[in-house]
Amino acid sequence: MNRLLLRSALRHMQRHPWQTWLSVLGIALGVAVIVAVDLANQSARQAFLLSAESLTGKATHQITGGPTGIPEELYRELRVEKRLRQTAPIVEGLVRLDGETLQLIGIDPLAEADFRNHNEGLNDQAARQFLLKPASVLLSSITARRLGLEPGQDLGVTIAGRQVDLHVIALLEGDNPAVLEGLLLADISTAQELLDSPGRLDRIDLILRPDQVHDLTAALPAGLNLEIPESRSRVMLEMIDAFQINLAAMSLLAMLVGAFLIYNTMTFSVLRRRRLLATLRVLGVTRGELFRVLLLEAILMGLFGTALGLLLGLLIAEYLVQLVTRTINDLYFVLTVTQLIVQPLTLLKGCLVGLGVTLLAALAPAIEAAGTLPISALRRSRLEQRVRRGLPWVGLLGLAALIGGGLWLSTSGNSLLGGFSGLFLIIAGYSLLVPLGVALLSRLSERSGKRGSLLLRFALRGIGANLSRTGLSVASLSVAVAATLGVSIMIVSFRSTVADWLAYTLTSDIYVSAISSRASSSDTTLLPETRGLIQSLPEVAETSTGRRVTIRGPQGPVDLLVLDFASNTQQGFRFLEPPLPELWTGYQRGDQVLISEPYAYRYGLGTGDRLTLDTLQGSLNLTIGGVFYDYGSDRGLISLSASAYARYWGDTGYASVGVILQPGIEPSAAMAAIRKALTASDQQLHFRSNRELRDYSMAIFDRTFAITQVLRLLAIGVAFIGVLSALMALQLERSREQALLRATGVTPGQLIRLTLLQTGLVGCYAGLFALPLGWLMSEVLIEVINRRAFGWSITSQLPLDAVFEALLLAVFAALLAGLYPAWRMGRVSPALALREE
Amino acid sequence: MYRLAWLLLLLLSACDTSDTEPESWQVAEALGGVDDAGFARATAPRVFHFPRDHGPHPAFRNEWWYLTGHLQTPDGRAYGYQVTLFRIAMQADPIISPSAWRSNQIWMGHAALSDLQAERHVAFERFARQGAGLAGGQSAPLRIWLEDWQLQLDAEARWQLRIATEAFNLDLELIAESPIILQGDQGLSQKSDAAGNASYYYSIPRLASQGTLRQAGEAMQVAGLSWLDREWSTSALGPEQAGWDWFSLHLQDGRNLMYYQLRQKDGSIDPLSAGSVSNRAGMQQILNAERIQLTPLAYWESDGKHYPVEWRMKLRDEPQPWRIKALFTDQEMRLSVRYWEGAIEVREESSKRLLGKGYLEMTGYE
């Protein structure tokens with residue numbers, strides 16, 4: 001390529017460092033968000049898979065149990081009577097430590113040799129201690145280092161609400177210490193003691209020959225399952241799929257905003273140089289050369305921005321991975337991730353997106369620049385004319401994309417990917433319509449502003465007259481603002497829907513529950529007499545019980561909500577459609593169940609359909625009596641009456657008691673009375689008032705959306721930079737015009753006011769255009785994306801403060817962007833700026 | 001007699017070197033270096049009560065039930081077998097726990113079969129803790145089991161051995177043909193001068209054995225002669241001892257010979273090496289290092305360990321020296337601990353006349 005051309009391009013970038021750097025920063029932020037989200041997602045998945053793999057060891061199969069686990073007698077039977085030599089019993093539980101959750105795994109080291117090799121370096125004394133001394137554990141070396149623990153020290157933890165000092169006798173290293181992060185390994189007897197579950201196993205690992213599988217499956221008692229470990233991990237990972245896809249899409253949204261920014265910058269850099277470019281063309285530079293040099297410019301910025309973005313992404317990911325892990329812990333399963341697992345693919349993805357989007361965004365301006373004729377390019381008015389003529393066509397294209405996006409949304413079934421592509425099509429279509437809108441709006445405002453001051457008329461006219469720039473700026477600014485607005489409307493709507501749901505679901509005044517230590521499948525039950533003790537208090541009107549256990553549904557594991565209502569005034573459920581008329585009698589009898597909306601959506605079930613569940617008494621065919629709203633689990637819930645559960649699973653335990661107080665009784669006074677009544681039992685309990693439980697649930701909700709908020713803030717950051725760079729370019733590009741004004745007697749102060757007025761107006765326009773798009777986006781996010789991802793319906797809200805915030809963001813960014821050009825214009829001598837003429 | 005102690009010492013050293021497969025981590029470690037404190041000691045001769053004393057003595061640290069024997073099928077195929085069930089306490093006090101898995105006792109089992117025609121030896125090992133129904137022992141009626149390996153004694157004084165491994169299943173009924181022989185001083189087998197450094201040790205040298213051997217889907221009737229050794233103790237071996245050679249012989253004239261030779265690290269023979277010769281009636285003569293002379297004649301090497309697989313044995317009271325020879329060389333137990341235990345025959349050295357068959361165990365060879 002022509003060195004001279006290249007130098008001119010570089011020189012141009014140098015002379016406009018603000019523009020160049022803002023663009024680079026925009027690309028960098030976009031890439032950073034994508035890379036960070038991908039890294040956080042992948043790290044969480046990898047950490048899960050690696051630790052699952054290391055805990056599974058060489059097991060080909062696993063026997064898993066229902067809510068009551070596996071009776072340990074089965075293990076003896078398998079090993080001694082069925083002579084299955086390669087079997088290992090596992091007890092699992094959770095241990096809490098200052099807000100962190102560690103996984104406690106109990107093993108029989110004598111049966112482990114075929115499966116896992118966790119530790120090679122135990123000396124005889126430590127090995128004996130492991131087998132003999134209660135509360136002795138091995139702790140992941142990484143976790144120990146993080147907690148500053150040495151072997152031989154005690155670790156104070158809470159297990160099912162009880163304070164326990166664990167003796168760390170040695171550290172777990174393994175081949176890859178990182179996968180053991182958050183793991184406590186104990187002898188099986190220690191684990192049973194700590195988790196208070198004598199006689200119970202949570203899992204039996206097996207190495208089976210193919211010919212043994214069938215016989216074993218047939219011989220297993222009802223309620224137990226023979227599974228392949230990988231499929232178990234897969235089911236676990238599927239639980240977080242929707243959550244992670246959503247995060248990835250949010251990050252793409254940030255990149256989309258970034259793309260607009262790049263497009264904007266490139267277009268301006270072409271527009272600003274149209275004189276130079278035309279001159280070059282006159283001098284004999286070919287179109288191809290011009291095109292190439294402009295693309296090269298874009299590539300340079302893209303490379304720089306991408307590199308910066310990767311670095312930034314790694315930094316953000318460190319923080320993001322904690323948020324992702326916390327959400328997974330809050331909503332799905334226990335997972336400890338403290339290490340970023342950087343996969344080359346993620347970085348490659350970041351590079352491709354960064355460079356690809358930059359090139360794509362630069363393509364149109366480059367074609368434009370290469371395509372203009374030498375003469376016409378010199379004349380500015382020609383350009384504006386062409387833009388004006390093209391407006392209807394661009395608008396038409398936008399309309400087509402908008403309609404296409406809408407159609408795509410309605411025809412893409414349940415596909416989440418379809419939902420997101422439809423959303424992006426709508427955004428693109430809308431942004432193409434914006435310049436037309438700007439033209440109409442400016443014409444309208446010029447007419448109504450006729451009686452305003454000269455300065456105002458100048459400002460208004462300026463926007464309409466420079467549509468090639470203002471249209472673009474307003475479009476990119478409004479997309480950026482709309483993205484943040486859409487996400488914020490969605491969150492606000494979701495939050496208020498959940499708050500509303502909690503208000504009618506939580507019908508009791510006080511909730512008493514056991515503190516759980518189970519890793520999965522079931523929560524800890526209260527002592528059997530608990531309900532009676534509470535019920536007998538004079539303050540108490542009625543009690544209900546609840547429990548959540550994981551059972552095997554027709555499509556894999558599903559949470560079962562086991563309820564025993566206070567009375568027959570069944571409250572706490574709201575139904576999507578009218579439930580079956582005899583629902584509550586059928587529910588109490590145990591031949592009808594309720595399913596939650598996400599479950600119904602996921603498996604295409606409705607009121608009156610039938611459902612088959614695997615129980616300890618064999619499989620059970622039940623009628624769905626109603627579909628209720630639920631926001632507690634995106635995997636869905638099935639609700640069964642306590643009497644039916646007791647019948648089919650032989651388990652009368654309950655995990656929480658809901659207490660309805662006599663009229664006029666203060667919850668705090670009643671709580672004290674209940675505490676007193678239950679002091680005799682040494683079980684550790686949670687006592688929560690309705691208010692506290694609601695606040696607690698909302699706190700989890702907010703924690704879940706913390707990551708979305710972070711992404712939204714990042715998108716705002718990108719948008720802000722976009723606005724800044726677009727408007728600054730707009731103003732700087734008009735320096736000659738402004739010099740002319742100075743020369744004709746406009747004072748620097750007036751000029752500054754004019755500039756700020758104009759950028760403020762552009763910001764205003766952008767804010768206005770962002771409102772419909774933001775609302776549209778929120779509707780798509782609520783009605784399409786959330787539904788497809790999680791299966792729940794959210795009641796839309798239009799929060800005025802979010803709208804206000806969006807407008808403010810647009811205007812504030814615009815004003816800020818006007819400051820520098822205004823300041824510069826106030827200083828530059830008009831003669832100097834005009835010399836070109 | 002110090003069989004187990006040796007095994008444990010070897011287990012420990014086997015774990016330090018990484019040339020063996022890391023079998024059941026912790027097992028080996030957990031069994032070694034156990035403190036003597038709190039355990040009962042064998043300090044004086046005791047009165048044995050049978051069948052009660054066939055059962056476990058958990059107050060002592062270690063205990064084992066040791067069966068070796070030669071078996072033949074009706075068509076003349078010959079096998080040797082060894083089955084040992086070890087009980088090992090990791091601490092003296094039993095532990096009270098709601099969990100059935102918490103136990104101070106661990107059981108270890110070794111089972112080996114030597115196909116004497118094919119010269120093929122297979123060996124298997126099991127570990128399980130006492131508890132959760134996986135392993136344990138009771139004396140009335142006698143039942144010792146480690147998962148699906150089991151030794152029982154019924155009311156008609158019939159012993160029942162059931163062993164199932166990946167390569168063979170062995171079901172045997174054993175009936176004592178000779179009385180119980182109390183080894184050492186009325187069953188107290190002194191290890192060193194220090195009081196309590198001894199074990200209680202008895203044998204049933206001759207057990208008529210018959211049953212079924214299943215191998216590769218084929219079930220064979222087998223019959224032959226077995227030897228049962230029973231021993232329990234607490235104290236461990238001294239550091240100066242390097243290994244030992246244990247012989248058990250069924251002689252065709254009806255006598256049974258047991259002798260263990262303790263080798264010191266300096267190459268000398270420990271004067272505490274001992275044994276006995278008994279006849280069908282249970283008449284017993286004590287053997288000690290002065291009454292017997294053992295000379296290794298030929299060695300077989302396995303991974304740097306040189307096992308003497310051919311011996312000259314000269315008893316003071318016998319006119320002719322005997323030649324003892326492994327029926328084939330590779331009968332090494334390559335388990336958590338490596339040792340050699342296999343079928344042997346004994347011939348008169350001069351005439352090469354077959355005098356009997358037996359088993360030989362050799363440990364501590366480098």
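Reply: What follows starts with the sheet and then turns to the helices and cores. Keep in mind that this is a predicted model.

The sheet is open and has nine strands, with mixed pairing. In chain A, the strand order is β16-β17-β15-β18-β14-β13-β19-β12-β20. Its edges are β16 (610-615) and β20 (685-689) of chain A. Each of these edge strands pairs on one side only. From one strand to the next, the twist averages 30 degrees.

Look inside the sheet at β13 (residues 540-553) of chain A. This strand pairs with β19 (residues 656-661) of chain A in the antiparallel sense, over six bridges.

Helix α21 (residues 642-649) of chain A lies across β13, β14 (556-564), β16, β17 (618-628) and β18 (637-641) of chain A. Against β18(A), helix α21 runs at about 90 degrees.

Next, the helix pair. Helices α2 (residues 17-56) and α11 (residues 287-331), both of chain A, pack at an angle of about 35 degrees. Their axes are 5 Å apart. The crossing of α2(A) and α11(A) is right-handed. Their contact has 23 nonpolar and eleven polar residues, and no charged ones.

Last, the cores. The largest nonpolar core has 146 residues. V33(A), A36(A), V257(A), L320(A), V481(A) and A810(A) touch the most other members.

How values were computed: Residues are numbered from 1 along each chain as its sequence is written. Chains are lettered from A and ligands numbered from 1 in the order in which they are written. This is a predicted model: local features need pLDDT of at least 70, side-chain atom pairs count only at pLDDT 80 or more; totals for chains, interfaces and linings use all residues. Axes are lines fitted to C-alpha atoms, for helices over the stretch in contact, and angles run from 0 to 180 degrees between N-to-C directions. Helices (H or I, at least four residues) and strands (E, at least two) are DSSP runs, numbered from the N terminus. A crossing is left-handed if the near helix is turned anticlockwise from the far one by less than a right angle, and right-handed if clockwise. Ala, Val, Leu, Ile, Met, Phe, Trp, Tyr, Cys and Pro count as nonpolar, Asp, Glu, Lys and Arg as charged, and the others, Gly among them, as polar. Two strands pair if DSSP finds at least two bridges between them. Two residues are in contact if their C-beta atoms, placed from the backbone, lie within 7 Å. A nonpolar core is a set of buried Ala, Val, Leu, Ile, Met, Phe, Trp, Tyr and Cys residues joined through C-beta atoms within 7 Å. A residue is buried if 20 or more other C-beta atoms lie within 10 Å of its own, exposed if 12 or fewer, and partly exposed in between; C-beta atoms are placed from the backbone.
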